[in-house]
Amino acid sequence: MLIVDSETRIVELAVIKLSNAGYWVVTAYDGEEALEKIANNPPELLVINYKLPKIDGYQVCIEMRKNLGLKNIPVILMVDAQFDEEEFKKNKIKVNDIIVKPFTPKALLGRVNAQIIRSKVLKEMNPLTELPGHTQLKKEVTYRIKDGKLFNLLFCDVKGFAMFSRVYGFEQGDQVIRFLAELITETTDKFGDFITDIFHLGGDDFVILMDPGPTDEICQSLIDGFDQGISSFYNEEDCKRGGMVVTNRRGIIEQWPIMTLAIGIVSNEERIINDWLEAELIGFEVLKCAQSLPGSHYFKDRRRS
């Protein structure tokens with residue numbers, strides 16, 4: 001783990017306590033050094049002061065969250081009596097825990113242990129995108145249903161992905177998956193107040209869990225970004241003719257247009273959803289409707305019962 005603070009005494013005490021507990025601890029004393037060490041050797045946990053020389057702790061967290069491979073690293077933010085909660089919320093800083101100075105090394109160890117345990121539970125994350133998967137999505141939706149909270153689910157799927165991977169190879173297919181994951185991350189970051197999390201169910205299947213809000217704007221932004229970027233994964237010949245020409249196993253020539261994005265929207269704003277299985281089944285239904293339309297489209301379930 002990485003401990004970042006300009007107060008050497010704090011760092012020394014943290015290193016002693018955490019090292020004795022069996023953790024491998026790396027240190028940094030300003031934000032610039034922290035970003036460099038995060039980039040060169042990403043930690044499993046970051047403990048960082050919000051006040052730092054050169055680059056402050058807030059900016060370090062923001063820069064780290066922009067990177068798809070680093071965005072899920074747990075962060076414990078160290079604050080003091082001058083901590084401005086309103087400024088913290090205004091900057092939309094995403095951290096996992098906050099610990100207030102002065103604190104004892106024992107208290108810090110307890111917070112660290114809790115985050116490490118939570119991180120291990122989340123190891124089911126997809127190895128390609130490092131996003132949480134089906135199990136975590138089911139738990140989040142189940143919690144919301146039990147608590148009576150409103151939510152929207154955006155089921156995303158790439159039309160024509162399987163054939164593209166077969167023709168261009170699985171490595172190129174993985175590049176498309178990374179492109180979609182980054183597109184979803186960048187798009188949802190613009191609507192951070194409404195987004196709970198992004199889930200990768202495997203292959204080209206993604207789900208966005210969010211509070212009721214600008215669902216249509218998010219979907220349209222995803223579609224526009226996908227349509228603008230997806231052609232870059234095809235060779236020049238396929239781009240010019242608008243897709244692939246493939247001979248199937250029976251010797252018949254088939255045309256496969258350039259991949260498009262389908263999004264199915266599920267919401268409990270106007271209908272009761274009793275459990276995760278019901279939400280998932282509705283999601284598959286509306287996704288099929290979006291897939292049946294030519295080009296990239298989103299389709300919302302508008303039933304009230």
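This report walks through a predicted model, from its overall build to a few single residues.

## Ground rules

Because the model is predicted, local features need pLDDT of at least 70 and side-chain atom pairs count only at pLDDT 80 or more, while totals for chains, interfaces and linings use all residues. Residues are numbered from 1 along each chain as its sequence is written, and side-chain values use heavy atoms, with hydrogens and water left out.

## Overall build

Let's start with the whole protein. It has 11 helices and 12 strands; these are DSSP runs numbered from the N terminus, with helices being H or I of at least four residues and strands E of at least two. The C-alpha trace spans about 70 × 45 × 30 Å along its principal axes. Of the 305 residues, 46% count as buried (under 20% relative accessible area; exposed is over 50% and partly exposed lies in between, with a 1.4 Å probe and protein chains only).

Contacts here are heavy atoms within 4.5 Å. Among those between residues at least 6 apart in sequence, 65% join residues at least 24 apart. The accessible surface comes to about 16,000 Å², and carbon and sulfur atoms hold 51% of it (Shrake-Rupley method, 1.4 Å probe; for residues, only the protein chains shown count as cover). As for charge, the mean positions of the 37 positive and 46 negative charges are 4 Å apart. Lys and Arg count as positive and Asp and Glu as negative, leaving out His and the chain ends; each charge is placed at NZ of Lys, CZ of Arg, CG of Asp or CD of Glu.

## A parallel pair and its crossover

Strand S4 (residues 75-79) runs parallel to strand S5, and 4 bridges join them; strands pair if DSSP finds at least two bridges between them. Together with helix H4 (residues 85-90), S4 and S5 make a right-handed β-α-β unit. Right-handed means that, with the strands pointing away from the viewer, the path from the first strand over the helix to the second runs clockwise.

In a regular strand the side chains alternate between the two faces of the sheet. In S5 (residues 97-100), Asp97 and Ile99 make up the covered face, and Ile98 and Val100 the uncovered one. Beyond this strand, proline 102 is found in the loop between S5 and helix H5 (105-121). The peptide bond from lysine 101 to proline 102 is cis, with omega near -5°.

## A hairpin

Strands S7 (residues 195-202) and S8 (residues 205-210) run antiparallel, joined by 6 bridges. Aspartate 197 stands opposite leucine 209 in S8. The two strands form a hairpin with 2 residues between them, and glycine 203 in the turn has a positive phi of about 55°.

You will find lysine 54 in the loop between strand S3 (46-49) and helix H3 (57-66); it is exposed, because its relative accessible area is 65%.

Serine 165, in helix H7 (residues 161-168), has a relative accessible area of 5% and is therefore buried. Leaving aside neighbours within four places in sequence, serine 165 is in contact with Phe170 and Gly173. Phenylalanine 284 belongs to helix H11 (residues 276-291), and its relative accessible area of 40% makes it partly exposed. Its C-alpha atom is separated by 28 Å from that of valine 246, 38 residues apart along the chain.
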